Amino acid sequence: MIVKQIRLSNTAKDKLSRLKGKTGIKNWNILCRWAFCFSLHENTIPTDIPINADSNVEMSWYTFAGEYSEIYEALMIEWCAEKDIELTDENLAKYFKLHLERGISYLTGTNFIKNLDDLLNLVLEA
């Protein structure tokens with residue numbers, strides 16, 4: 001498990017709230033999974049900025065990852081290995097959080113997701 005608890009920033013919470021309304025996806029963890037994977041797909045290192053985990057949206061690793069926790073963990077480990085980032089617990093947690101925040105910003109920042117179909121089309125484009 002990369003982290004025990006995940007707490008989002010208020011900014012990320014607000015962005016996800018808008019995304020929930022557009023897509024009809026009701027669960028934070030599902031949208032967070034999309035955001036994490038979307039950021040990983042960018043294949044660049046997220047900017048190392050402090051994340052203010054100040055919202056009331058909090059979930060455990062198992063709520064985030066569900067039955068696929070080993071896959072999400074393996075994706076993060078593989079990404080760090082490809083970027084020559086030392087595989088420490090601290091680095092895995094740090095880059096997971098950075099990817100999650102960046103992914104949320106990417107999914108909501110350009111306003112290209114207006115409905116569920118737009119979100120699903122991301123997979124088809126990849």
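1. Arg7 counts as partly exposed, at 36% relative accessibility. Here buried means under 20% relative accessible area, exposed means over 50%, and partly exposed lies in between, with a 1.4 Å probe and protein chains only. Glu58 is also partly exposed, with a relative accessible area of 39%. The two residues form a salt bridge, and their closest N and O atoms are 2.8 Å apart. A salt bridge is a side-chain nitrogen of Lys or Arg within 4 Å of a carboxyl oxygen of Asp or Glu. This pair links distant parts of the chain: Arg7 belongs to strand β1 (residues 5-7) and Glu58 to strand β2 (residues 58-60), 51 residues apart.

2. A word on the source of these values. This is a predicted model, in which local features need pLDDT of at least 70 and side-chain atom pairs count only at pLDDT 80 or more, while totals for chains, interfaces and linings use all residues. Residues are numbered from 1 along each chain as its sequence is written, and side-chain values use heavy atoms, with hydrogens and water left out.

3. How many salt bridges does a search of the whole structure find? The search finds two. Besides the pair in point 1, the side chains of Lys94 and Asp48 meet in a salt bridge, at 2.8 Å from N to O. This pair too links distant parts of the chain, with Lys94 in helix α5 (residues 89-109) and Asp48 in the loop between α2 (28-42) and β2, 46 residues apart. Lys94 is partly exposed at 29% relative accessibility, whereas Asp48 is exposed at 52%.

4. On the overall fold, the protein has six helices and two strands. Their pattern along the sequence is β-α-α-β-α-α-α-α. The radius of gyration is 14 Å, close to the 14 Å that the globule rule gives for 126 residues, so the protein is as compact as a globular protein of that length. The radius is taken over C-alpha atoms, and the rule is 2.2 Å times the number of residues to the power 0.38. Helices (H or I, at least four residues) and strands (E, at least two) are DSSP runs, numbered from the N terminus.

5. Among contacts between residues at least 6 apart in sequence, 78% join residues at least 24 apart. Contact means heavy atoms within 4.5 Å.

6. Leu119 gives a view of the buried part. Its place is in helix α6 (residues 116-125), and it is buried, with a relative accessible area of 0%. Which residues does Leu119 contact, leaving aside its neighbours within four places in sequence? They are Thr23, Ile25, Leu31, Trp34, Leu107 and Ile113. Leu119 and Ser39 are 80 residues apart in sequence and 14 Å apart in space, C-alpha to C-alpha.

7. Two backbone angles deserve a look. Most residues other than glycine have a negative phi. Asn43 is not a glycine, yet has a positive phi of about 60°. Asn43 is in the loop between α2 and β2 and counts as partly exposed, at 44% relative accessibility. Asp84 likewise has a positive phi, near 55°. Asp84 is in the loop between α4 (69-82) and α5, and is exposed, with a relative accessible area of 72%.
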